[in-house]
Amino acid sequence: MIINNVNLVLAHETVKGSIEIKEGIISSFTDSSSQLPQAVNAEGSWLMPGFVELHTDNLDKFFTPRPKVDWPAHSAMSSHDALMVASGITTVLDAVAVGDVRDGGHRLENLMKMIDAVINSQKAGLNRAEHRLHLRCELPHSSTLPLFEELMHKPGVSLVSLMDHSPGQRQFSTPQKYREYYQGKYQLNDEQMEEFQAAQIANSLRWAQPNRLAIATHCRQLGIALASHDDATSAHVAESKELGSVIAEFPTTEEAARASHAEGLQVLMGAPNIVRGGSHSGNVAAKQLASLGLLDILSSDYYPASLLDAVFRIANDESNAFSLSQAVALVTRNPASALGLEDRGEIAEGKRADLVLARAHEHHHYVQNVWRQGIQVF
């Protein structure tokens, strides 16, 4: 396959030319046009590496499309996969919650169904994107560690994050933000919210730290990449580094982002944060971290199409020093490297032909075509 007349977004520059794919691998590219009649004319669109998504909750939406509605696994997985590739994502870590902030929550009920769907569809070759697993461990629960130990040997487990969403811990900048979020999420009245909050604080005091230490130890022994989550202070970051974290997911303050960089952790922020212009929780904005040179990886989190949108917003933002190549690296080379996936994430000879062709229309950007290992999947 040859793609002609295309803007190739390379590691350090963007070059207009052509690219040749053989047997699922990038065999060559050049800054000139191919004269072969079978070449695909990209008409000046941008060709980027396939996006590598480390943290998406998107799978939940298809397994429980409405409250108390459980959707068949094969259909849910197929719909989720289709949205991934349509958003330019060719490698995705499907995030599943191990432990939950509320017992009986739909995430906990659907956990094994979702994990089995990811593993079985990937094994059967049904997926257009490559799907792996990200275990999001909610630490303040008695069930979290035994459940993690049951899951940690599952095929495709590639990332584990350590979370504590109890009051006074990390994510929410004020008690009011915490109450607003969880009262809205679970439709709790004031009395129910007080009971919920007291229970979460008690669980955190009892279980969070022992679970944190035990799960991190398992990850080091098994060679699973570890991520911190919502670190707010330098002390949080120092602890995360000591535990073996390589990624800092959603640091909530500039202090934590600076400390993470200093410790060599890759700072991951949400692409929706870029698109919306700030954090819905009132924490530090991803745009601010980009302007300070403290942003390494973008995740679509809850909105898959946000990756492409955020890349061009960052590249076109004069408040930071990101070129288009550097902005694209936030969703390709950097997340791939954080997981040790050195065969993808870059347009270079010998790399996997996981590719996204994007076009512009009236200052907006759209995914036009997607290939995974040289096979067109969108």
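Predicted model: local features only at pLDDT ≥ 70, side-chain atom pairs only at ≥ 80, totals over all residues.
1. Arg 212 is buried, at a relative accessible area of 6%. Arg 212 pairs with Glu 239 in a salt bridge, with 3.9 Å between the closest N and O atoms. The two residues sit in distant parts of the chain: Glu 239 in helix α7 (residues 234–243) and Arg 212 in helix α6 (residues 190–222), 27 residues apart.

2. Arg 136 and Asp 57 form another salt bridge, the closest N and O atoms being 3.5 Å apart. Arg 136 belongs to strand β8 (residues 130–138), and Asp 57 to the loop between β6 (51–56) and α1 (58–63), so the pair ties together parts 79 residues apart in sequence. Arg 136 counts as buried at 7% relative accessibility. Asp 57 is buried too, at 12%.

3. Asp 81 bridges to Arg 128, with the closest N and O atoms 3.6 Å apart. Helix α2 (residues 73–86) holds Asp 81, while Arg 128 is in the loop between α3 (106–123) and β8; the pair therefore ties together parts 47 residues apart in sequence. Asp 81 is buried at 2% relative accessibility, whereas Arg 128 is partly exposed at 34%.

4. The salt-bridge count comes to 12. A network of salt bridges links Glu 130, Arg 132, Asp 343, Arg 344, Arg 352 and Asp 354.

5. Now the overall fold. The protein chain has 13 helices and 16 strands. Its radius of gyration is 21 Å, which agrees with the value near 21 Å for a compact globule of 378 residues. Of those 378 residues, 56% count as buried.

Notes:
Residues numbered from 1 in each chain as written. Heavy atoms only, no water. Helix = DSSP H or I, 4+ residues; strand = E, 2+ residues; numbered from the N terminus. Rg over C-alpha atoms; globule rule 2.2 N^0.38 Å. Buried < 20%, exposed > 50% of the residue type's maximum accessible area, 1.4 Å probe, protein only. Salt bridge = Lys/Arg side-chain N within 4 Å of Asp/Glu carboxyl O.
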